[in-house]
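Please look at the sequence and the model shown here, and then work through the questions that follow.

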Amino acid sequence: MVKIKHLQQIHDLKSYRNACRIVKQLGPYVNETYYMKEKVIYLNKHGRELIGSTKEDNKKHLMAHTFLRNEVFIYFKCPHDWKNEHLLETILVPENSFGIQFKHVNLGTKKKVISDASFKRNGYLHLIEVDNARKMIDNKKKIETYKEVLPAFKEQTPILYFFTTTEDRKRKLKEQLQGVRNQVFTFKDIR
């Protein structure tokens, strides 16, 4: 799901009118809708078949989140290895296990966290979190999970980026992210 103006920026389509003309040529493969008076397109059944995708992407309740994630994608100059909803998983081994593992015996607990997006640059994994509607208590829980999972990547600690809506939320997130390699932005910072 993408706004016409995002396609215009990503593909350097010059004017909005030119972008709309090109999108019109995609007519048999996309559906159009509007979000806050802006034209939005997403692949229809024929478009998904053309590219070999089975994932239907017309979740209207996630539109705001998707468009903000698109803005972050553009901010990072459209990384070619960008992945939405990246799973990080590790097994936390208790400190008193002395590093001993037995076959078929699970001494640790499995911890996982799903970032909104990820990509690699300069050998480092960059994890993206888009915070537009989540409660701060939920952000805190997710940050605590990151604090448990990220130390498993000792050789190259990932960088966690949070993009949020207000300066107050930015300040609170920075406080909660202490001890984690991170950067926090508001969407005003990247526009």
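Q: Which residues does Ser 115 touch, not counting residues up to four places away in sequence?
A: This is a predicted model, in which local features need pLDDT of at least 70, side-chain atom pairs count only at pLDDT 80 or more, and totals for chains, interfaces and linings use all residues. Residues are numbered from 1 along each chain as its sequence is written, and side-chain values use heavy atoms, with hydrogens and water left out. Contact means heavy atoms within 4.5 Å, and by that rule Ser 115 touches Glu 85, His 86, Leu 127, Ile 128, Glu 129 and Tyr 146.

Q: Is Ser 115 buried or exposed?
A: A residue is called buried under 20% relative accessible area, exposed over 50% and partly exposed in between, using a 1.4 Å probe and protein chains only. Because the relative accessible area of Ser 115 is 1%, the residue is buried.

Q: Why is Phe 187 called buried?
A: Phe 187 touches residues that include Leu 68, Val 72 and Phe 163, not counting residues up to four places away in sequence. Phe 187 counts as buried because its relative accessible area is 4%.

Q: What separates the C-alpha atoms of Phe 187 and Thr 165?
A: Thr 165 is also among the residues that Phe 187 touches. Although the two residues are 22 residues apart along the chain, their C-alpha atoms are separated by 5.9 Å.
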